[in-house]
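Visitor: I have a protein model open on my screen and would like to learn how to read it. Could you walk me through the features one by one?

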Amino acid sequence: MTAVFGSDALAACAAELVSGGSLEMSPGRPADAATIAALLPAGTPVYVNHLPGRALDASLPTLMAVHDAGLAPVPHVAARRIPSRAQLVSYLQQAVAVAGVRKVLLIGGDDPQALGPYPDGLTVLRDGALAECGVREVALPGFPEGHPRVAQEPLERAFDDKVRLAQAQRMGLSVITQFSFAPARIVEYCDDLSRRWPGLPVYVGMAGPTDAVTLLKFAQRCGVSASLRAMGAQGMGAVRMFMHTDPGDQLSAVAQYRLRHDDCNVVGVHLFSFGAATKSAAWMNAIITTRRPLR
């Protein structure tokens, strides 16, 4: 199923969200950076994963390739995967110096036990190492469907604490939401966030074009459970309808929300590429250049 943008205004808004958006890529594929750069506007943020079991500095070659290609490298910093403060500082100093990193995505990480002194993202912020090493902006994760292992109240409290702490450190802030198959939940989340933190930029996470098996695997791993259960209750027809491999309908819903809300804090979309960053970049290029979904 492919989305169709029903008006010039909607198509223009969708293209703006994509051209001002970002995508993620795997740390082991630095050669992909040049291909991505040929498809997307200069300076597009490209987020580089911090995978379980990998050393912090394993992403440095890819961050450097992203920077050299004229894109903005943004490393994931997974708190529970950091062995020590010394290694964190060494990694950040190298990332800033050799790859031009100015922004990180700060996540907790899903490891059962923290490898070092940081059980969550808040403790990394409190440590002060990010600002100390030259990082100027922090992207925080947002969870429209909640977190699979953290209750909603402490999740919101920790988020608010991170926002206040980053502001106190004079760091720029933005939010990257987890992808969801329920646009209404995304809209509700963005509405709530705009009331709690007016002006805080939000990049709506979307599943990039992929096959249904891969999409289902990552959805289950990432805790996108509420919309999966809702679809399951409606039968396999609903599952097939919503879990298509083209994110155009999700983009259309976000663009409609932005057009209808003058105070909307959504500034772009973020493509989760599931190891297929060049495919996601090609889809983004099609939206930007033709203002219609890629068929």
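Guide: What follows is a short tour, from the overall fold to single residues.

Guide: A word on the ground rules. This is a predicted model, in which local features need pLDDT of at least 70 and side-chain atom pairs count only at pLDDT 80 or more, while totals for chains, interfaces and linings use all residues. Residues are numbered from 1 along each chain as its sequence is written, and side-chain values use heavy atoms, with hydrogens and water left out.

Visitor: How many helices and strands are there in the protein?

Guide: Helices (H or I, at least four residues) and strands (E, at least two) are DSSP runs, numbered from the N terminus. Here the protein has 13 helices and eight strands.

Visitor: In what order do the strands close into a barrel?

Guide: Start with pairing: two strands pair if DSSP finds at least two bridges between them. In this model eight strands close into a barrel in the order 1-2-3-4-5-6-7-8, with parallel pairing. From one strand to the next, the twist averages 30 degrees. For a close look, take strand 3 and strand 4 (residues 103–107), which run parallel and are joined by three bridges.

Visitor: Which strands does helix 8 lie across?

Guide: For directions, axes are lines fitted to C-alpha atoms, for helices over the stretch in contact, and angles run from 0 to 180 degrees between N-to-C directions. Contact means heavy atoms within 4.5 Å. Helix 8 (residues 183–196) lies across strand 5 (137–142), strand 6 (172–177), strand 7 (202–207) and strand 8 (266–272), and runs at about 165 degrees to strand 7. Helix 13 also packs on the sheet, where it touches strand 1, strand 7 and strand 8 and makes about 165 degrees with the direction of strand 1.

Visitor: At what angle do helix 2 and helix 13 pack?

Guide: The angle is about 5 degrees, and the axes of helix 2 and helix 13 (residues 277–290) are 9 Å apart. Angles under 35 degrees count as roughly parallel, over 145 as roughly antiparallel, 65 to 115 as roughly perpendicular and the rest as oblique. Helix 2 and helix 13 are therefore roughly parallel to each other. Helix 2 brings Asp 32, Thr 35, Ile 36 and Leu 39 to the contact, and helix 13 brings Ala 277, Thr 278, Ala 281, Ala 282 and Asn 285. An α-helix has 3.6 residues a turn, so residues three or four places apart point the same way.

Visitor: Which residues of helix 3 are buried?

Guide: Buried means under 20% relative accessible area, exposed over 50%, and partly exposed in between (1.4 Å probe, protein chains only). In helix 3 (residues 60–68), the buried ones are Leu 60, Thr 62, Leu 63, Ala 65 and Val 66. They pack against strand 1 (22–25), helix 2 (32–39), strand 2 (45–48), strand 3 (72–78) and helix 4 (85–99). Just after helix 3 comes Gly 70, with a positive phi of about 90 degrees. For the protein, 52% of its 295 residues count as buried.

Visitor: How many residues does the largest nonpolar core have?

Guide: A nonpolar core is a set of buried Ala, Val, Leu, Ile, Met, Phe, Trp, Tyr and Cys residues joined through side-chain atoms within 4.5 Å. The largest has 68 residues, and Leu 23, Ile 36, Leu 92, Leu 130, Phe 159 and Leu 251 have the most contacts inside it. Helix 4 supplies the largest share of this core, seven residues. A second, separate core of 13 residues includes Tyr 47, Ile 107, Ala 139 and Phe 274.

Visitor: Is Val 175 buried or exposed?

Guide: Val 175, in strand 6, is buried, with a relative accessible area of 0%. Beyond its neighbours within four places in sequence, its contacts include Leu 140, Phe 159, Tyr 189 and Leu 193.

Visitor: Where do Arg 170 and Phe 274 lie?

Guide: Arg 170 is in the loop between helix 7 (152–168) and strand 6, and Phe 274 is in the loop between strand 8 and helix 13. Each is a residue other than glycine with a positive phi, near 60 degrees for Arg 170 and near 55 degrees for Phe 274. Arg 170 counts as exposed at 78% relative accessibility, whereas Phe 274 is buried at 13%.
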